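I open this notebook to record side-chain contacts looked up one at a time. The entries follow the order in which I went through them.

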Amino acid sequence: METVSPEFVRAAPRLDGMVVSAVGYRTSGEQPGLHRGLPSPYLTLIFSLDGPVATGHSPEHATGPDATRTDIVLGGLHQTPAYVVRPEHEAGIQLAVHPLAARALFGVPASELAGDLVTPGAEVMGRHAADVRELLCEQNGWEQRFDSLSAYLRRRAADADADAAGAVRPEVAEAWAWLARHRGIGTLRGLSRHVALSERRLTTLFRAETGLSPKQAGRLMRFQRARNAVVRSVASGAAPDLARVAADCGYYDHSHLVRDFRQYTGVSPSGWLAEECRNIQAGSHGGGEE
């Protein structure tokens, strides 16, 4: 019987904060199944080094004939899990990309990626992205692959700056930074006062750029922090104290955290941990920004 050998390699964030985390992964001998791609305050970019990645908005969609299948996965900000088919063996590089870097790296605001859970990356980034994927497949070491992918994205960002295509309204950029500083628990009233815009105008501009309202983005930031706290507990060998996590992350109470977990994962915290415990111990779940 083939040995299951999960491999997860993390690289330091690069590109001046545009890429929040980068993970190279390779598994073999896995029992085929489904993985939940959870909502987060970051865009997802995956270059598969194996076959196409099959995804859907439900288990039936992901495993059916209408699933999205692509070698380059580009996921916008979403509020429900994306279901990803987990084959017996897979390999790739997954990046968490700051949503305000979408114009610079992908040529479109993050809002244009919010309509579907997953968009074929080559349709947005062009043919050269497929050439880069072929190069990554030919390379042997993770460090070389990370360097090649960073160089490619750096060139895209430089071209966007030259064309002035990477400009994000300063009020929106400051609003995102304010929400991040407050870890997703600030009020819309306080945020609108901070950026000197009405709540309605701010929400319109913010949604046009990211695809989410400020409140929705804040909830994702808060959930990301709570999920990271749970992951750290499990990785250290301790049972997570959900009541403490809820209090530390700004939830009203334990049940409030559980409701968010059910919305964003489709299952309870204990159900999600039962699915992901092995991957957490292997190092597949990184922290990202908090």
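I began with R127, which is exposed at a relative accessible area of 55%; I call a residue buried under 20% relative accessible area, exposed over 50% and partly exposed in between, with a 1.4 Å probe and protein chains only. The model is predicted, so I took local features only at pLDDT of at least 70 and side-chain atom pairs only at pLDDT 80 or more, while totals for chains, interfaces and linings use all residues. Residues are numbered from 1 along each chain as its sequence is written, and side-chain values use heavy atoms, with hydrogens and water left out.

Entry: salt bridges.
I looked up the partner of R127 and found a salt bridge to the side chain of D131, at 3.3 Å from N to O. The rule is a side-chain nitrogen of Lys or Arg within 4 Å of a carboxyl oxygen of Asp or Glu. I noted nine salt bridges by this rule. D131 and R127 both lie in helix α4 (residues 127–138), four residues apart, or about one turn of the helix. Helices here are DSSP runs of H or I with at least four residues, numbered from the N terminus. D131 is partly exposed, at 34% relative accessibility.

I then checked E174, whose salt bridge with R181 has its closest N and O atoms 3.0 Å apart. E174 counts as partly exposed because its relative accessibility is 29%.

Next I took R222, which forms a salt bridge with D260 at 3.7 Å between the closest N and O atoms. This pair links distant parts of the chain, with R222 in helix α9 (residues 214–235) and D260 in helix α11 (residues 254–265), 38 residues apart. Both R222 and D260 are buried. I also logged one network, in which salt bridges that share partners join R127, D131 and E134.

Entry: charges over rings.
The test asks for NZ of Lys or CZ of Arg within 6 Å of the ring centre and within 35 degrees of the ring normal. I logged R145 too, with its charged end over the ring of W142 at 4.8 Å from the centre.

Entry: helix α11.
I listed the buried residues of α11 as H256, L257, V258, D260, F261, Y264 and T265. After α11 comes G266, with a positive phi near 90 degrees.

Entry: aromatic pairs.
I counted five aromatic pairs in the structure. Rings of Phe, Tyr and Trp (its six-membered ring) pair if their centres lie within 6.5 Å; planes under 30 degrees apart are stacked, over 60 edge-to-face and the rest tilted. W176 and F206 are a stacked pair, 5.9 Å centre to centre with 10 degrees between the planes. W176 lies in helix α6 (residues 170–181) and F206 in helix α8 (residues 199–210), so the pair ties together parts 30 residues apart in sequence. W176 and F206 are both buried. I noted a cluster as well, where ring pairs link F223, F261, Y264 and W272.

Technical notes: Helix = DSSP H or I, 4+ residues; strand = E, 2+ residues; numbered from the N terminus.
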